[in-house]
Amino acid sequence: MANFEFLKNRLSIFSGDLFGGINAAIIALPQALAFGVATGFGAGAGVWGAIILCLVAGIFGTRVPMIAGITGPVAIVIASIMHSLNQDISSVIFIILIAGFLQLILAFTKLPDIVKYVPYPVISGFMNGVGTIIIIMQLNPLFGLKPFSNTIESIKNLFLTLHFANPEALILGVLTLLIVFFTPKAINKIVPSQILALIVCTVLSVKMGFNVDKISTISAAFPQIQLPHTTIHDFVRYFHYAIMLGIILSSETLLTGLVCSSITKQNIQPKKLLIPQGIGNMLCAFTGALPGSAATMRTVAAIKTGASTKGAAIISAVVLMLCLSIFSGFVAQIPLPVLAGILIKIGYDIIDFKLLKVLKYAPKDDKYVLGVVFFLTVFYNLIAAVGAGIVLAALLYAKGLADRTKIVQTDVYDSDIQNMERMVEKDFKHKIRVVHISGQFFFGSATQLVSHFDEMLGTKFIVLVYDSDVTLDISAIFALEDIILRLKSQHIKLLLVINNEEIREQLVAHDIISQLGENHIFYSEIRAIDYAKGRMQRKLNRELEK
């Protein structure tokens with residue numbers, strides 16, 4: 001019987017990984033093709049990069065499935081480096097090799113832990129900027145024209161783009177946009193809209209004989225290993241590019257790891273994320289494939305489909321190889337305006353509408369940081385944008401603390417309440433727990449607090465006391481939302497104790513109270529504890545009556 005249950009469990013895991021890997025591969029294929037063309041490396045380089053990275057992640061990576069490949073931010077960095085080096089692919093490949101090696105070095109330092117302390121407005125401004133860049137840069141290909149090298153040129157020449165547009169390319173581009181944006185969810189679950197757009201628009205283009213640029217050639221053969229011909233002078237000359245690329249590759253992977261930790265409730269070590277990605281990106285350099293990182297959307301799609309182990313990444317790589325070998329003839333006929341339409345949808349999905357919807361309620365400091373990061377990302381440099389955003393956020397935070405510093409006389413915390421908390425936890429066998437957030441509640445502290453909650457097995461009520469009277473910044477708001485979702489998944493009720501009406505108004509504006517429940521907000525810790533005790537007592541009475 002035990003063997004049967006073991007076999008049943010293993011089959012269930014394999015089935016989840018199989019369907020999760022297939023789903024991730026179907027999502028990854030059009031994106032890899034589109035990013036490969038957009039960077040100038042070619043469609044095949046994008047697909048082979050995804051294959052190599054998924055295989056390496058599946059063999060050497062963390063147990064949690066990590067579906068890897070080129071992503072929007074990575075593609076933008078590669079494209080900008082290609083432009084700076086006048087399309088010198090051999091030099092860019094050398095830069096990719098150094099970037100992969102830097103990831104390996106980074107894995108053995110404490111620097112990856114810094115990612116969780118980056119303020120949310122910095123991340124949001126960066127992602128909004130990347131999404132905007134992708135959309136702007138794909139306008140020319142959508143109209144059947146060659147892309148410009150940067151966003152400023154694309155905007156300046158927008159009227160020329162409209163004037164010289166290829167009508168046939170525009171038909172395919174608009175049809176692609178209609179499919180990827182308006183395919184019903186029921187159909188999208190069966191066939192992802194991006195794959196549907198590739199099939200429908202390519203068949204239409206071939207049948208109608210449209211005169212548009214196509215992928216034309218794509219090789220299904222495994223790329224040959226090639227050693228880059230470089231010198232020490234090249235290393236010094238290109239090192240700053242490698243640092244920029246290495247930071248983007250690592251940051252994308254680590255942020256995906258944070259998302260996966262939130263979904264799977266598993267602690268993922270940064271070291272186990274960066275080492276396989278570093279090895280994979282070095283192999284990509286040796287084979288002329290595009291580098292990449294753990295891709296959040298593809299990884300989440302795999303997990304949501306049922307994937308639970310790194311076997312899903314290997315399956316995803318195998319599916320991509322089969323697609324490349326079986327359908328290479330079809331892939332060669334894919335029109336570039338169709339890929340442009342798919343990339344515009346990807347850029348749209350990258351934009352952080354969650355924050356934009358509540359931006360009017362966000363503190364001014366968060367808006368300043370988001371705006372600076374966004375405009376620097378779009379019109380200047382990605383790494384400079386993130387660096388400037390972090391520095392600005394730190395300065396504004398320090399200023400805010402200084403402005404709020406006052407010499408005031410306060411009562412010492414009531415020892416009777418401390419004793420009451422201990423008694424409640426003892427009497428109710430830790431089914432009711434009290435947790436205090438002392439000081440400023442921000443993104444980094446919230447991440448550690450959430451992991452603390454994961455250890456509270458058997459708890460039914462958590463009384464979360466926010467001792468400070470300082471309003472929450474946008475990072476804390478979203479972190480609090482994450483705490484609520486985590487506790488709900490564990491069937492734990494959260495009772496929030498706050499100090500003033502201003503914080504409550506923030507919670508209302510950001511739709512936190514509707515998720516938490518109006519009756520779960522208190523201004524007094526004692527009342528929150530009495531409420532939890534009452535609920536526990538009523539539940540006990542009902543069980544006794546049965």
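Tutor: A crossing is left-handed if the near helix is turned anticlockwise from the far one by less than a right angle, and right-handed if it is turned clockwise. In this predicted model, the crossing of α4 and α13 is left-handed.

Student: Why is α4 called roughly antiparallel to α13?

Tutor: The axes of α4 and α13 (residues 270-287) cross at roughly 160° and come within 8 Å. Angles over 145 degrees count as roughly antiparallel, and α4 is therefore roughly antiparallel to α13.

Student: Which residues make the contact of α4 with α13?

Tutor: From α4 the contact takes Ile93, Ile96, Leu97, Gly100, Phe101, Gln103, Leu104, Leu106 and Ala107. From α13 it takes Lys271, Leu274, Ile275, Gln277, Gly278, Ile279, Asn281, Met282, Ala285 and Phe286. By class, these residues divide into 13 nonpolar, five polar and one charged.

Student: What makes Lys271 of α13 a charged residue in that division?

Tutor: Asp, Glu, Lys and Arg count as charged, and Lys271 of α13 takes part in the contact.

Student: How do you know whether Gln103 is buried or exposed?

Tutor: Gln103 lies in helix α4 (residues 89-107) and has a relative accessible area of 0%. Buried means under 20%, so Gln103 is buried. Leaving aside neighbours within four places in sequence, Gln103 is in contact with Gly246, Leu249, Ser250, Leu274, Gln277, Gly278 and Asn281. For the chain, 51% of the 546 residues count as buried.

Student: What makes Ile314 partly exposed, and which residues does it contact?

Tutor: Ile314, in helix α15 (residues 311-326), has a relative accessibility of 30% and so counts as partly exposed. Setting aside neighbours within four places in sequence, Ile314 is in contact with Cys54, Leu55, Gly58 and Ile59. Ile314 and Gly58 are 256 residues apart in sequence, yet 5.1 Å apart in space from C-alpha to C-alpha. In the chain, residues 24 or more positions apart account for 82% of the contacts with a separation of 6 or more.

Student: Why are α9 and α11 called roughly antiparallel?

Tutor: Helix α9 (residues 167-182) and helix α11 (residues 193-208) pack at an angle of about 150°, with their axes 9 Å apart. The limit is over 145 degrees, and the two helices are therefore roughly antiparallel to each other. As for handedness, α9 passes α11 in a right-handed crossing. Leu172, Leu175, Thr176, Ile179 and Val180 of α9 take part in the contact, and Leu196, Ala197 and Val200 are among the residues of α11. By class, the contact has nine nonpolar, four polar and no charged residues.

Student: Where in the chain is confidence highest, and where is it lowest?

Tutor: Mean pLDDT is highest in α9, at 94, and lowest in helix α22 (residues 443-453), at 55. Over residues 405-413 the pLDDT is below 50, and beyond near neighbours in sequence this stretch has four contacts in the model. For the chain, the mean pLDDT is 83, and 88% of residues reach 70 or more.

Student: How many helices and strands does the chain have?

Tutor: The secondary structure comes to 26 helices and six strands.

How values were computed. Residues numbered from 1 in each chain as written. Predicted model: local features only at pLDDT ≥ 70, side-chain atom pairs only at ≥ 80, totals over all residues. Heavy atoms only, no water. Axes fitted to C-alpha atoms, helices over the stretch in contact; angles between N-to-C directions. Helix = DSSP H or I, 4+ residues; strand = E, 2+ residues; numbered from the N terminus. Parallel < 35°, antiparallel > 145°, perpendicular 65-115°, else oblique. Contact = heavy atoms within 4.5 Å. pLDDT = per-residue confidence, 0-100. Buried < 20%, exposed > 50% of the residue type's maximum accessible area, 1.4 Å probe, protein only.
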